[in-house]
Amino acid sequence: MQPKSLSIKLVNESRVTMSIDKKYAQNTVHLKRGSLYLSGELYDRYFSGLETIILLGKNEDFLIMPVRNAASGGYLLKLKNSSGDRIINAMDFFRDQGFPDETDIEFDVEWDQEISALKVKNHPK
């Protein structure tokens with residue numbers, strides 16, 4: 001993943017405009033060969049400081065739920081790079097959900113406040 005793109009433009013002395021590259025403003029996760037990739041921004045927003053998560057299938061979607069106590073189990077949030085991106089190796093979960101091993105797709109996600117989980121829409125972007 002490339003660095004975040006941020007541009008600031010001085011319009012006049014009292015007004016500044018900012019734009020962020022939409023690729024980084026979107027809430028998406030990437031599934032590739034049984035591993036789920038989260039951006040550092042997404043990790044910081046919903047899972048900051050955590051080492052493990054639980055993946056649960058729910059109807060057509062699936063959930064990424066935080067685990068506060070690593071001894072409780074779950075999948076590890078492995079650090080991928082210095083940008084803070086994370087990888088979750090969960091080939092067994094995705095096989096059980098019907099994804100072929102060679103799957104390479106991106107999904108939209110949204111935070112579900114009621115169940116405190118990141119909801120992954122099970123339809124490719």
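Start by selecting R95: at 47% relative accessibility, R95 is partly exposed (buried is under 20% relative accessible area, exposed over 50%, partly exposed in between, with a 1.4 Å probe and protein chains only). The term means a side-chain nitrogen of Lys or Arg within 4 Å of a carboxyl oxygen of Asp or Glu. D101 is partly exposed too, at 32%.

A quick word on what you're viewing: this is a predicted model, where local features need pLDDT of at least 70 and side-chain atom pairs count only at pLDDT 80 or more, while totals for chains, interfaces and linings use all residues. Residues are numbered from 1 along each chain as its sequence is written, and side-chain values use heavy atoms, leaving out hydrogens and water.

Next, pick K121 and E110, another salt bridge, at 3.6 Å from N to O. K121 sits in the segment after β11 and E110 in strand β10, so the pair ties together parts 11 residues apart in sequence. (Helices are DSSP runs of H or I, at least four residues; strands are runs of E, at least two; both are numbered from the N terminus.)

Hop over to R45 and E41, whose side chains form a salt bridge at 2.6 Å, N to O. The two are four residues apart in helix α2, so about one helical turn separates them.

Last stop: β5 and β6, which run antiparallel and are joined by seven bridges; strands pair if DSSP finds at least two bridges between them. Select I53 and you'll find P66 of β6 opposite. In β7, the bridge partner of I53 is Y75.
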